[in-house]
Amino acid sequence: MPPFFVPPGKTDDARPLHRLPFLVMMGTLTRCHPLEPRLMIFRPSAEDVLLVVDVQNDFCSGGALAVPEGEAVVPVVNALAERFQTVILTQDWHPAGHVSFASRHERPAFSTIDLDYGTQVLWPDHCVQGTDGASFHPALHVPHAQAVVRKGYHPEIDSYSAFLEADHTTPTGLTGYLRERSVRRVFAVGLATDFCVLWTALDAAKAGFSVAVIEDACRAIDLDGSLDRAWSAMREAGVERIESPSISG
Ligand SMILES: [Zn+2]
């Protein structure tokens with residue numbers, strides 16, 4: 001488990017000291033972890049949101065686009081959600097024949113094509129609007145979630161990110177929602193680490209939020225090294241990589 005905070009003087013290339021401003025901004029660090037003094041404990045406030053990305057049947061075992069161990073995030077997310085006042089869920093929500101479906105292009109799943117907005121990975125048909133596959137995992141229990149952001153509903157544009165669709169231009173409306181709610185910090189969890197969680201975290205950072213990804217509440221697809229690339233990109237963008245024990249109730 002990586003430490004949440006490495007004091008100055010510690011050598012740990014993976015945990016750069018640019019984390020300090022994030023911690024200062026968090027403002028509500030409460031104490032050190034009793035078993036790991038370097039692990040800082042954080043108590044969420046009204047300025048924090050837990051953003052639960054795409055914990056849907058199609059991304060769990062038996063689903064059309066199953067992420068390995070995808071359903072393993074469910075109990076972790078349920079426990080985390082109890083510690084946040086503000087929780088938002090996202091839901092991949094495609095029309096039949098969506099541009100991201102390999103079947104539409106008669107190409108193999110997981111191959112790529114170039115679209116107007118860039119390279120698109122072609123996926124098996126998944127999360128089709130109104131299907132069981134698009135439903136949240138039945139064990140996901142977040143009754144106090146206050147909004148569900150559906151994404152990927154434009155037939156010709158995919159949307160990994162909860163903030164901007166894959167053309168990097170079309171907003172989902174989440175940035176405005178969070179700003180009106182006075183949210184400053186985004187804690188992202190869910191599926192999959194190296195696609196929807198990654199793009200969501202990067203766009204949240206670009207929008208000016210402080211962002212942390214809670215690693216043990218995520219699972220990855222890891223397509224040709226995509227997971228390593230995802231963590232590198234998030235680190236460069238100043239996104240924190242933490243573990244769920246860092247969040248207290
Ligand atoms: Zn999708």
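Predicted model: local features only at pLDDT ≥ 70, side-chain atom pairs only at ≥ 80, totals over all residues.
On β4, residues 86-92, seven of the seven residues are buried, so the strand is largely enclosed by the rest of the structure. Both of its faces are covered. T86, I88, T90 and D92 lie on one side, and V87, L89 and Q91 on the other. In a regular strand the side chains alternate between the two faces of the sheet.

Strand β4 also pairs with β3. The pairing is parallel and runs over five bridges. Within it, L50 has V87 of β4 as its bridge partner. The chain passes from β3 to β4 through helix α2, residues 73-81, and this β-α-β crossover is right-handed.

Six strands form an open sheet with parallel pairing, in the order β7-β4-β3-β8-β9-β10. Strands β7 and β10 (240-242) stand at the edges with a single partner strand each, so one side of each is left without a neighbour in the sheet. From one strand to the next, the twist averages 25°.

Strand β8, residues 185-191, is mostly covered, with seven of its seven residues buried. R185, F187, V189 and L191 point one way from the strand. V186, A188 and G190 point the other way. Its partner β3, residues 48-53, runs parallel to β8, and six bridges join the two. D48 stands opposite R185, and V49 stands opposite V186. Strand β8 also pairs with β9, residues 210-219, again in the parallel sense and over six bridges. There, L191 has R219 of β9 as its bridge partner.

Helix α2 lies across β3, β4, β8 and β9, and runs at about 140° to β9. Helix α5 lies across β3, β8 and β9, and runs at about 170° to β9. Which residues of α2 are buried? They are V73, V74, V77, L80 and A81. Seen down the helix axis, these buried residues fall within an arc of 130°, so they line one face of α2. They pack against β3, β4, β8 and β9.

The packing extends into a nonpolar core. In soluble globular proteins, nonpolar side chains tend to be buried together. The largest nonpolar core here has 62 residues. L50, L51, V77, A188, V189 and A201 touch the most other members. The elements that give two or more residues to this core are β3, α2, β4, α4, β8, α5, β9 and α6 (226-236). Helix α5 gives the most, with eight residues.

V189 shows how several elements meet in this region. Apart from neighbours within four places in sequence, V189 is in contact with L50, V52, V53, V73, V77, L80, I214, A217 and C218. Among these contacts, V73, V77 and L80 are also buried residues of α2. L50, one of the contacts of V189, is the residue whose bridge partner in β4 is V87.

P155 is partly exposed, with 13 other C-beta atoms within 10 Å. Residues up to four places away in sequence aside, P155 touches P95, G97, H98 and V99. The C-alpha atoms of P155 and H94 are separated by 7.2 Å, although the two residues are 61 apart along the chain.

Across the whole chain, there are six helices and 10 strands. Of its 249 residues, 43% count as buried. Among contacts between residues at least 6 apart in sequence, 70% join residues at least 24 apart.

How values were computed:
Residues numbered from 1 in each chain as written. Buried ≥ 20, exposed ≤ 12 C-beta atoms within 10 Å, placed from the backbone. Helix = DSSP H or I, 4+ residues; strand = E, 2+ residues; numbered from the N terminus. Pairing = 2+ DSSP bridges. Contact = placed C-beta atoms within 7 Å. Right-handed = clockwise from strand over helix to strand, strands pointing away. Arc of directions from axis to C-beta. Core = buried A, V, L, I, M, F, W, Y, C linked by C-beta atoms within 7 Å. Axes fitted to C-alpha atoms, helices over the stretch in contact; angles between N-to-C directions.
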